[in-house]
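Please open the structure in your viewer and keep the selection tool at hand. The tour goes from one selection to the next and says what is there at each stop.

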Amino acid sequence: RWASRIVNEGYPQRAIRRESQGSVGVSVVIDTRGRVSSCSVTASSGESVLDDGACRAMERYARYEPALNDAGNPVAGRDSLTIVYRLN
């Protein structure tokens, strides 16, 4: 599942070295293929490396089922979520 890839594979290496942890709120635009076409931080973790990494990871790993219009054709959509970065 892509959500676990974001916090595991997408955890910024610089944040790991600095032992940074936190939660990042993001808002994304999903294109007609189900890919994230843009991402913005809506609630900062207080660590820019985590904030930037959250959007980079969403654009790289996130996959959605595209929204459909009344005719059943794919259309762009939006989602908002929180990504929690925690070191083990």
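**First stop: aspartate 51**

Select aspartate 51 and, setting aside its neighbours within four places in sequence, you will find it in contact (heavy atoms within 4.5 Å) with Val24, Val41, Ser44, Ser45 and Gly46. This is a predicted model, in which local features need pLDDT of at least 70 and side-chain atom pairs count only at pLDDT 80 or more, while totals for chains, interfaces and linings use all residues. Residues are numbered from 1 along each chain as its sequence is written, and side-chain values use heavy atoms, with hydrogens and water left out.

Aspartate 51 lies in helix H3, where helices are DSSP runs of H or I with at least four residues and strands are runs of E with at least two, numbered from the N terminus. Aspartate 51 is buried (under 20% relative accessible area, with a 1.4 Å probe and protein chains only).

**Next: the cysteines**

Now select cysteine 39 and cysteine 55, which form a disulfide (a pair of cysteine sulfur atoms within 2.5 Å) with their sulfur atoms 2.1 Å apart. Cysteine 39 lies in strand E2 (residues 36–43) and cysteine 55 in helix H3, so the pair ties together parts that are 16 residues apart in sequence. Both cysteine 39 and cysteine 55 are buried.

Finally, move to tyrosine 64, in the loop between helix H3 (48–61) and strand E3 (67–68), which is buried, with a relative accessible area of 18%. Among its contacts beyond four places in sequence are Trp2, Met58 and Leu81.

Notes. Buried means under 20% relative accessible area, exposed over 50%, partly exposed in between (1.4 Å probe, protein chains only). Lys and Arg count as positive and Asp and Glu as negative; His and the chain ends are not counted. A salt bridge is a side-chain nitrogen of Lys or Arg within 4 Å of a carboxyl oxygen of Asp or Glu.
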